[in-house]
Amino acid sequence: MSVSKKNSDDKKNKQTIIVRVICIVLALLMLGGVIAATVLSTQAVGEDVTETDVTETDVTETTEPEQTVPEETENNSVFSASDYLIRVGISFRDGTLDSHRVRTHKGAPGFRLYKTTKSNGLEYIWTLYNNDVSVSETGNLRRSSGDEWYYYASASNTAAGGYHLQLLNEYTSRKEAEQAISDLKDAAEALEVPVFPAYLNGKYYIRVGAFGSADQAESEKEVIENALASECSVTSPTITSITVLDHNTAEVLFDFDMEDFEYGLGLYCLDNNGEKDYIKTYKGYYYDGVFEFRRYKNSSVDGVTMILISELETYVTCVVPWEIYNTWPVETMKAFSICARTFAIANSHENAKHKDYDCDVCDSSDCQVCKGFDRVNQNVINGVKATEGQILLCDGETITTYYTDLGGGSMAAAHEVWNMDKRKYLVGQMTPWEDLSVSRFGDWQFTATPTELLQKVRNAGYTNLKGAVDDIKINRLCENSTYVYSITITDTYGTSVTINRCRNVRNALSGLMYAANFVIEHNGRIEDGINHELQEVISGVYVMTSDGIKMIDGEQRINVVTDNGLKQEYLPERLTVKTSSSLVSQTVLIKTGEIIGSGTGSPSSDFKFIGHGNGHGVGASQWGCKDLGNLGYTYDQILYTYYPNTAVADYWEYLSSKE
Ligand SMILES: [Zn+2]
């Protein structure tokens with residue numbers, strides 16, 4: 001395994017060694033095959049954004065026989081009855097807003113509107129020919145200074161008023177309402193007020209104008225009634241109503257109100273001249289599916305939530321390239337497709353993770369990052385398609401597919417990382433195939449003085465320690481792993497704390513490691529939890545030479561400065577190494593090879609944490625899965641390696657077994 005040398009040059013320069021004996025060791029151990037790696041930060045993934053290779057979702061457009069306008073029908077459905085639908089929270093909880101701007105990705109002329117239910121019921125209610133809209137709470141709204149948002153506003157400061165006049169006629173079908181609006185068109189144009197449809201409790205109405213108050217509406221009522229030759233009533237915003245505005249002009253386009261929080265307004269992108277198009281958030285992420293907007297109110301949140309209703313395979317396609325790089329081997333794509341699909345099945349419907357907000361999962365790393373099609377390419381599509389419908393089970397149940405960026409040559413059992421029951425598919429194991437040179441997380445070091453360390457540990461809550469840290473002992477490692485399970489920290493007054501479980505160890509030493517997969521160098525000694533005497537340090541040795549400090553191996557002859565002057569020495573395979581303070585005197589095995597650790601000429605009382613990997617270290621290593629893909633492993637072999645005791649299964653069979 002190759003280990004990064006990147007750090008060694010800097011280190012050498014810092015070392016000041018004293019001479020007398022020759023060598024100073026360095027190096028670190030290799031306990032059994034080690035090591036490290038990096039993790040892929042989910043946000044760091046992005047590379048080429050391919051917008052052309054977008055998956056086509058089957059949209060079945062059935063046409064009603066008597067329909068006269070062929071392009072939009074009452075029955076055109078977004079999903080087929082057999083689709084497994086996932087509700088992905090995009091804006092909810094703290095992200096609940098007064099208004100959401102949505103557009104079409106490629107310029108399609110607008111959206112089909114649906115009445116939605118929490119169980120993904122979709123009833124087509126209207127087609128809106130406007131492709132840049134803001135879906136808002138009904139009420140007085142003003143525009144943000146950046147023009148990106150609408151907010152609640154006072155009556156005197158509105159871009160769009162929340163009070164309207166409503167014609168008394170009601171219509172039971174969309175077509176009747178369309179006709180009625182069309183009939184009023186000339187009169188409305190003469191009046192210069194907006195005339196728009198409202199869908200209220202299952203019926204259609206026509207509304208006119210957008211006023212800042214009921215009084216303002218009342219004062220215009222007579223003129224408008226006369227002009228439209230129709231009686232009107234004044235409407236006020238309700239806590240369940242939603243308004244669609246033209247984003248740019250703030251003109252009201254559509255009102256929706258079922259007077260019930262159970263229902264939402266859904267938007268689905270129309271085709272763009274016969275080509276598939278996508279609905280796009282204000283951030284530019286574009287999706288295939290229905291955006292559901294719903295009023296939500298609790299003690300801390302009041303506004304409109306935005307939830308994506310997506311078919312499962314489409315959702316998986318949009319997750320995979322945000323969790324791993326889209327250029328990775330296709331077998332790795334397949335493995336992660338199964339992980340993403342398994343997570344979705346395990347956290348949806350009756351097991352919805354964000355049930356309180358009427359969605360299954362969110363779009364962030366709290367669940368799985370899902371930011372639309374930006375990073376989807378043919379490689380991603382191939383991986384998802386090849387594993388369509390497949391999930392991973394252990395004893396007939398969906399597994400929790402934990403994964404970490406980079407294990408660092410080892411993975412840890414979940415119950416030794418967190419306080420949870422043992423799971424037979426989340427075990428400790430050595431993973432020597434991981435390429436640790438992929439990033440800075442492969443090999444890392446952090447140093448703290450005894451006083452800095454005290455501060456960190458106290459900040460983490462261990463306030464019974466009062467003096468500078470005198471010693472840290474690694475009591476034991478996790479089973480079959482180099483992750484540190486237990487440490488004891490002792491201060492200069494002799495007070496000690498013992499910390500168990502990787503997560504707690506990492507929290508206590510926060511900022512000094514990327515993973516709880518480390519050894520500690522202190523006072524010229526390596527604390528590795530196994531060989532406290534460090535009899536078998538392997539790899540490089542530093543010596544003071546006539547050219548400064550050099551790293552050499554056992555094969556080389558070299559000019560060495562000794563207390564008797566300059567000598568040419570040949571380093572034997574074994575030699576005794578002493579530091580200037582004689583704290584360490586031990587036999588080391590010198591091997592040709594690369595430096596895994598570092599060393600200093602004089603022992604330091606500073607604590608140096610030397611480790612590998614990034615993240616919690618449980619389940620699969622993302623980069624490790626990539627390495628296995630490159631080594632020719634198939635996706636099921638990759639999964640079974642990181643999640644032992646599991647089996648790939650069909651999710652429809654799994655779901656029917658649950659009924
Ligand atoms: Zn979540």
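**Close-up views of the predicted model**

View 1. Strand β28 covers residues 484–491 and is joined to β29 by five bridges. At one of these positions, Thr-490 has Ser-496 of β29 as its bridge partner.

**View 2. The largest nonpolar core.** This core has 152 residues. Those with the most contacts inside the core are Val-88, Val-135, Leu-267, Ile-279, Val-320, Val-484 and Cys-502. Helix α6 (residues 330–346) gives the most to this core, contributing nine residues. In soluble globular proteins, nonpolar side chains tend to be buried together. Leaving aside residues up to four places away in sequence, Leu-267 touches Val-102, Phe-111, Leu-113, Val-135, Ile-279, Val-290 and Phe-291.

**View 3. Strand β14 and its two partners.** Strand β14 spans residues 252–257, and six of its six residues are buried, so the strand is largely enclosed by the rest of the structure. Strand β10 (residues 195–200) pairs with β14 in the parallel sense over three bridges. In this pairing, Ala-198 stands opposite Asp-255 of β14. Strand β13 (residues 242–246) pairs with β14 in the antiparallel sense, over four bridges. There, Val-244 has Phe-254 of β14 as its bridge partner. β13 and β14 form a hairpin with five residues between the strands, and Ala-250 in this hairpin takes a positive phi near 65°.

**View 4. Strand β11 and its two partners.** Strand β11 (residues 203–211) is mostly covered, with eight of its nine residues buried. Strand β9 (residues 163–167) pairs with β11 in the antiparallel sense over three bridges, and Tyr-163 stands opposite Phe-211 of β11. β10 also runs antiparallel to β11, and six bridges join the two. Phe-196 has Arg-207 of β11 as its bridge partner. The hairpin of β10 and β11 has two residues between its strands. Asn-201 lies in the turn and has a positive phi of about 50°.

**View 5. Two loop residues with positive phi.** Glu-259 has a positive phi of about 50° although it is not a glycine. Glu-259 lies in the loop between β14 and β15 (263–269). With 11 other C-beta atoms within 10 Å, Glu-259 is exposed, because a residue counts as exposed at 12 or fewer. Asp-395 also is not a glycine and has a positive phi of about 50°. This residue is placed in the loop between β21 (390–394) and β22 (397–398). Asp-395 has 10 C-beta neighbours inside 10 Å and so counts as exposed.

**View 6. The crossing of helices α6 and α12.** The axes of α6 and helix α12 (residues 635–642) come within 8 Å and cross at roughly 55°. That angle makes α6 oblique to α12. The crossing of α6 past α12 is right-handed. On the side of α6, the contact is made by Glu-331, Thr-332, Lys-334, Ala-335 and Ile-338. On the side of α12, the contact is made by Tyr-635, Ile-638 and Leu-639.

**View 7. The whole protein, for orientation.** The protein has 13 helices and 40 strands. Of its 659 residues, 48% are buried. Among contacts between residues at least 6 apart in sequence, 71% join residues at least 24 apart.

Key
Residues numbered from 1 in each chain as written. Predicted model: local features only at pLDDT ≥ 70, side-chain atom pairs only at ≥ 80, totals over all residues. Pairing = 2+ DSSP bridges. Core = buried A, V, L, I, M, F, W, Y, C linked by C-beta atoms within 7 Å. Buried ≥ 20, exposed ≤ 12 C-beta atoms within 10 Å, placed from the backbone. Contact = placed C-beta atoms within 7 Å. Axes fitted to C-alpha atoms, helices over the stretch in contact; angles between N-to-C directions. Parallel < 35°, antiparallel > 145°, perpendicular 65-115°, else oblique. Left-handed = near helix turned anticlockwise from the far one by under 90°.
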